[in-house]
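Student: I have a new structure on my screen and would like to talk it through with you. Could we go step by step?

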Amino acid sequence: MDGAILVAIIGILAAPFAALITWLTNRKKHVAEIYESISESSQNAVETMQLTMNELRTELVDTKGKIDELINENKLLREDLLTLKGQNQQLLFENKALERKIEDLSEQIRGMK
């Protein structure tokens, strides 16, 4: 009879002990899965950021090239503008001279009448 009681006690204690061991094992496995999931997500985020940074670098290089091109074009346009301003000043000067000449000729014509 004592053997049956001993087997019953061992059976009663074995079930909760097995459940505790199973719970601890599953808990560790679950924690490991969480860490693995976090690691994968972090890796995906890093890869996405690297791709985005590479695309932005490419756009930055393209944009810098366009800016340099526009700066050079602007420089040429400023030089042309200075040239045209000089030519305009010369033409204004010549216009004044011609205006004086016309006035002189008009006075001569009036004097002849």
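Student: How many positive and negative side chains does the protein chain have, and how far apart are the centres of the two sets?

Tutor: Happy to start there, with a note that this is a predicted model, where local features need pLDDT of at least 70, side-chain atom pairs count only at pLDDT 80 or more, and totals for chains, interfaces and linings use all residues. Residues are numbered from 1 along each chain as its sequence is written, and side-chain values use heavy atoms, with hydrogens and water left out. Lys and Arg count as positive and Asp and Glu as negative, while His and the chain ends are not counted; each charge is placed at NZ of Lys, CZ of Arg, CG of Asp or CD of Glu. That gives 14 positive and 18 negative side chains, with the centres of the two sets lying 9 Å apart.

Student: Which side chains meet in a salt bridge?

Tutor: Side chains of opposite charge can pair when their charged atoms come close. The cut-off for a salt bridge is a side-chain nitrogen of Lys or Arg within 4 Å of a carboxyl oxygen of Asp or Glu, and a search of the whole structure finds 1. The two partners lie in helix H1, 4 residues apart, about one turn of the helix. At 3.3 Å, N to O, they are Asp68 and Lys64.

Student: How many helices and strands are there in the protein chain?

Tutor: Both are DSSP runs numbered from the N terminus: helices are H or I with at least four residues, and strands are E with at least two. Helix H1 covers residues 2-112. The count for the protein chain is 1 helix and 0 strands.

Student: What is the radius of gyration of the protein chain?

Tutor: This radius is taken over C-alpha atoms, and the globule rule is 2.2 Å times the number of residues to the power 0.38. The C-alpha atoms fill a box of roughly 160 × 20 × 10 Å along the principal axes. A compact globule of 113 residues would have a radius near 13 Å, but the protein chain has 48 Å.

Student: Is Glu107 buried or exposed?

Tutor: Glu107 lies in helix H1. Buried means under 20% relative accessible area, exposed over 50%, and partly exposed in between (1.4 Å probe, protein chains only). Because its relative accessible area is 52%, Glu107 is exposed.
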